[in-house]
Amino acid sequence: MAINPLQTQAVPASPRDVRLQKKNDPVTTDFQSLLQSMSAPEEAKSVSPQTAAELLRIQMMQSTLALSGDRQDTATQSERAIAALLQGLDQIPGRQMRSTAALETAEAQEWTASMPATSTTRDAEADGISQTAAEFLGTPYLFGGEGASGIDCSSFVQQVFQAHHINLPRTAREQITVGSNVAPGDLQKGDLVFFQTYASYPSHVGIYLGDGKMIHASSGRGEVTVSDMNSDYYSSRYLGAKRVI
């Protein structure tokens with residue numbers, strides 16, 4: 001007897017199949033739009049925050065399915081589609097997915113790189129101060145002097161820093177009260193170095209150049225010159241240093 005196709009009864013789905021279909025159908029539906037976006041030209045592909053969130057949700061769903069007793073040994077069509085989409089995203093140059101922590105770290109690094117380096121800025125300013133100071137080399141020393149015909153140590157220091165918009169007091173006794181203290185082993189170019197020479201208080205000041213050298217208006221040499229701070233005379237009279245840049 002011929003069998004009418006309309007009379008054929010559909011095999012009822014088992015509860016297990018129903019559960020699998022409920023899990024798989026939403027995933028397939030959610031991914032149709034994502035799969036369509038992957039078909040766009042390579043240069044037009046991008047991962048929006050919404051898409052990234054959806055992918056993260058699906059990755060979590062995959063992990064849940066892996067722990068479920070309903071998991072089949074063979075991957076379903078939806079899972080294969082998920083795997084293909086994730087693999088495709090990883091192959092897009094510059095579009096690799098990164099964790100939230102990685103993104104925050106990258107953003108912090110980019111922000112830090114955009115900021116001017118403090119040490120580099122200070123070094124440049126110290127170089128400028130050293131160059132300005134060098135222009136005074138050979139200027140005659142004169143106690144209390146403040147000009148080209150004669151200048152003393154504290155006026156020399158004051159004028160050099162004033163040329164770089166850093167205002168200092170007039171005398172060495174006052175200049176040692178400004179800025180921050182510098183440890184003997186931490187001297188840097190541009191630091192002010194102080195000595196006790198003819199008086200019980202700070203009576204001489206120079207500008208540190210590095211390598212144990214300073215530029216100063218020397219009464220002994222009779223002019224602005226460069227001297228070795230490690231000499232017996234200056235090392236025995238050294239009081240300390242201040243940093244004002």
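Tutor: R122, D186, D191 and R243 are joined in a network of salt bridges, a salt bridge being a side-chain nitrogen of Lys or Arg within 4 Å of a carboxyl oxygen of Asp or Glu. The model is predicted: local features need pLDDT of at least 70, side-chain atom pairs count only at pLDDT 80 or more, and totals for chains, interfaces and linings use all residues. Residues are numbered from 1 along each chain as its sequence is written, and side-chain values use heavy atoms, with hydrogens and water left out. By the salt-bridge rule the count is 6.

One of the salt bridges pairs K189 with D127, at 2.8 Å from N to O. K189 lies in the loop between β3 (180-182) and β4 (192-195) and D127 in helix α5 (residues 118-134), so the pair ties together parts 62 residues apart in sequence. Helices (H or I, at least four residues) and strands (E, at least two) are DSSP runs, numbered from the N terminus. K189 is partly exposed at 30% relative accessibility, and D127 is partly exposed at 33%. Here buried means under 20% relative accessible area, exposed over 50%, and partly exposed in between (1.4 Å probe, protein chains only).

R170 forms a salt bridge with E146, with the closest N and O atoms 2.7 Å apart. R170 sits in the loop between α6 (153-162) and α7 (172-175) and E146 in strand β1 (residues 146-147), so this pair ties together parts 24 residues apart in sequence. E146 is partly exposed, at 49%.

R170 also forms a salt bridge with D152, the closest N and O atoms being 3.1 Å apart. D152 lies in the loop between β2 (150-151) and α6, 18 residues from R170. At 7% relative accessibility, D152 is buried.
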